[in-house]
Amino acid sequence: MISKEENILFAAEKLFAEKGFPGTSTREISKAANVNISMISYYFGSKEKLYEKLVEYRTNEGQFFAKDILERTDIDEGQKMMIIVDKFASRIREQKYFYRIMQREQLYTENPQIVKSLKDTKISFLNTYSKILESGIRKGVFTKNPPIYLLHSTISGTLFYASNSKEMYKEFLKNTEEEDLFEKNYYNELTQHIKHILKDLLGYEENK
């Protein structure tokens, strides 16, 4: 069960994604969350602080899942990379409102707290990839050592671009499937595509 604070965060997230930060009022947020407007001040202090808390909340989630995968000892480094792809794709699909906000923020934000959160998140993932890559090279799991920034760009860049272009591709393909079915198949093909690229970049063979 979500807390009252999370209820407000999630209601605000959808509105921020649809209307942008300037176009969303605290009154609209309180109505969407079905709470008194005073609760926003009580939990967050202001709309700006609520926005910053949302970014912090979601980015922390992402860092936690990457850390958990990094620390696993029951799988090899190649499998860790494949799981990160699956998890990352699932987050983008399931948290589409937040990632819509973040892509907008990367272009336009002037909020130093959000700039810092975005930078810290990227650095955290780069560190995770670096540790997996170094360990995989050392153990012979990987036979290639690609630039880490290109590894990161291959995963996140491909996922974000494909996610943003999903409706265009559906139209281009003249796909008539129900939206949920198309989306499921689309993300499955997308993750498999990225995994194939990563295996080639890393020189990784499963079940070797």
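This briefing describes the nonpolar core and the salt bridges of the structure above. The model is predicted: local features need pLDDT of at least 70, side-chain atom pairs count only at pLDDT 80 or more, and totals for chains, interfaces and linings use all residues. Residues are numbered from 1 along each chain as its sequence is written, and side-chain values use heavy atoms, with hydrogens and water left out.

**Nonpolar core**

- The largest nonpolar core holds 51 residues; such a core is a set of buried Ala, Val, Leu, Ile, Met, Phe, Trp, Tyr and Cys residues joined through side-chain atoms within 4.5 Å.
- Phe-16, Leu-50, Met-81 and Leu-198 touch the most other members of this core.
- At least two core residues come from each of the helices α1 (4-19), α2 (26-33), α4 (47-70), α5 (77-94), α6 (96-108), α7 (112-139), α8 (148-164) and α10 (179-202); helices are DSSP runs (H or I, at least four residues), numbered from the N terminus.
- Not counting residues up to four places away in sequence, Phe-16 touches Phe-21, Thr-24, Ile-29, Lys-47, Leu-50, Tyr-51, Leu-54, Ile-101 and Arg-104, where contact means heavy atoms within 4.5 Å.

- Glu-61 and Arg-58 form one of them, at 3.1 Å from N to O.
- Both residues of this pair, Glu-61 and Arg-58, lie in helix α4, three residues apart, which is about one turn of the helix.
- Glu-61 is partly exposed at 26% relative accessible area, whereas Arg-58 is buried at 8%; buried means under 20%, exposed over 50% and partly exposed in between (1.4 Å probe, protein chains only).

**Salt bridges between helices**

- Lys-195 and Asp-86 meet through their side chains at 2.9 Å, N to O, in a salt bridge.
- This pair links distant parts of the chain, with Lys-195 in helix α10 and Asp-86 in helix α5, 109 residues apart.
- Lys-195 counts as buried at 11% relative accessibility, and Asp-86 as partly exposed at 31%.
- A further salt bridge joins the side chains of Glu-179 and Lys-166 at 2.7 Å, N to O.
- Because Glu-179 lies in helix α10 and Lys-166 in helix α9 (residues 166-172), the pair ties together parts that are 13 residues apart in sequence.
- Glu-179 is partly exposed, with a relative accessible area of 29%, while Lys-166 is buried at 9% relative accessibility.
- Through shared partners, salt bridges join Arg-93, Lys-166, Glu-167, Glu-179 and Glu-183 into one network.

Terms used
Salt bridge = Lys/Arg side-chain N within 4 Å of Asp/Glu carboxyl O.
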